[in-house]
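Work through the exercises below with the sequence and the model side by side. Try each task before reading its solution.

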Amino acid sequence: QVQLVESGGGLVQAGGSLRLSCAASGSIASFNAMGWYRQAPGKQRELVANSASGGNTNYADSVKGRFTISRDSAKNTVYLQMNNLKPEDTAVYYCSARKTIIQTNYIYWGQGTQVTVSS
């Protein structure tokens, strides 16, 4: 059973920074992709950043140049460095991992961590 545990959320003023961590119960090398999503109250969950096993990364337009996703395979952890935070970044942030086995995608989610940015 795959477990993803997020940490690092909190309350920060606009312009500040936070680093989210997602610790996986197994080797992150076994996942085809890992990413961060967020969901604000009354809104749908949206992709923030994604990191494929081949090294490609992609970001939502709203966070490009401010957020960076990275991996530490030795620690089985994925990070999301968030700089120059804005009030509109306020949301619950979720870590996700995808395994593709014989053309079937298996998606795993963490429990989420709250990020609140005050103006």
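The exercises go from the whole chain to single residues.

This is a predicted model, in which local features need pLDDT of at least 70, side-chain atom pairs count only at pLDDT 80 or more, and totals for chains, interfaces and linings use all residues. Residues are numbered from 1 along each chain as its sequence is written, and side-chain values use heavy atoms, with hydrogens and water left out.

**Exercise 1. The chain as a whole**

Task: State how many helices and strands the chain has, and say how its radius of gyration compares with the globule rule.

Solution.
- Step 1. Helices (H or I, at least four residues) and strands (E, at least two) are DSSP runs, numbered from the N terminus. The chain has 0 helices and 11 strands.
- Step 2. The radius of gyration is taken over C-alpha atoms, and the globule rule is 2.2 Å times the number of residues to the power 0.38. The chain has a radius of gyration of 14 Å, close to the 14 Å that the rule gives for 119 residues, so it is as compact as a globular protein of that length.
- Step 3. Taken along the principal axes, the C-alpha atoms fill a box of roughly 45 × 30 × 25 Å.
- Step 4. Buried means under 20% relative accessible area, exposed over 50%, and partly exposed in between (1.4 Å probe, protein chains only). Of the 119 residues, 39% count as buried.

**Exercise 2. The disulfide**

Task: Find which cysteines form a disulfide, and decide whether cysteine 22 is buried or exposed.

Solution.
- Step 1. A disulfide is a pair of cysteine sulfur atoms within 2.5 Å. The whole structure holds 1 disulfide.
- Step 2. The partners are cysteine 22 and cysteine 95, with sulfur atoms 2.0 Å apart.
- Step 3. Cysteine 22 lies in strand 3 and cysteine 95 in strand 9, 73 residues apart, so the pair links distant parts of the chain.
- Step 4. The angle about the S-S bond is -75°, a left-handed link.
- Step 5. Cysteine 22 has a relative accessible area of 0% and is therefore buried; cysteine 95, also at 0%, is buried.

**Exercise 3. Rings and charges**

Task: Describe the aromatic pair of tyrosine 37 and tryptophan 109, and name the residue whose charged end sits over the ring of tryptophan 109.

Solution.
- Step 1. Rings of Phe, Tyr and Trp (its six-membered ring) pair if their centres lie within 6.5 Å; planes under 30 degrees apart count as stacked, over 60 as edge-to-face and the rest as tilted. By this rule there are 2 aromatic pairs.
- Step 2. One of them is tyrosine 37 with tryptophan 109, edge-to-face, at 5.0 Å centre to centre and 70° between the planes.
- Step 3. Tyrosine 37 is in strand 4 (residues 33-39) and tryptophan 109 in strand 10 (residues 104-109).
- Step 4. A charge sits over a ring if NZ of Lys or CZ of Arg is within 6 Å of the ring centre and within 35 degrees of the ring normal. Arginine 45 has its charged end over the ring of tryptophan 109, 4.6 Å from the centre.

**Exercise 4. Positive phi**

Task: Say where asparagine 84 is found and what its phi is.

Solution.
- Step 1. Most residues other than glycine have a negative phi.
- Step 2. Asparagine 84 has a positive phi, near 50°, in the loop between strand 8 (77-82) and strand 9 (91-101).
- Step 3. At 41% relative accessibility, asparagine 84 is partly exposed.
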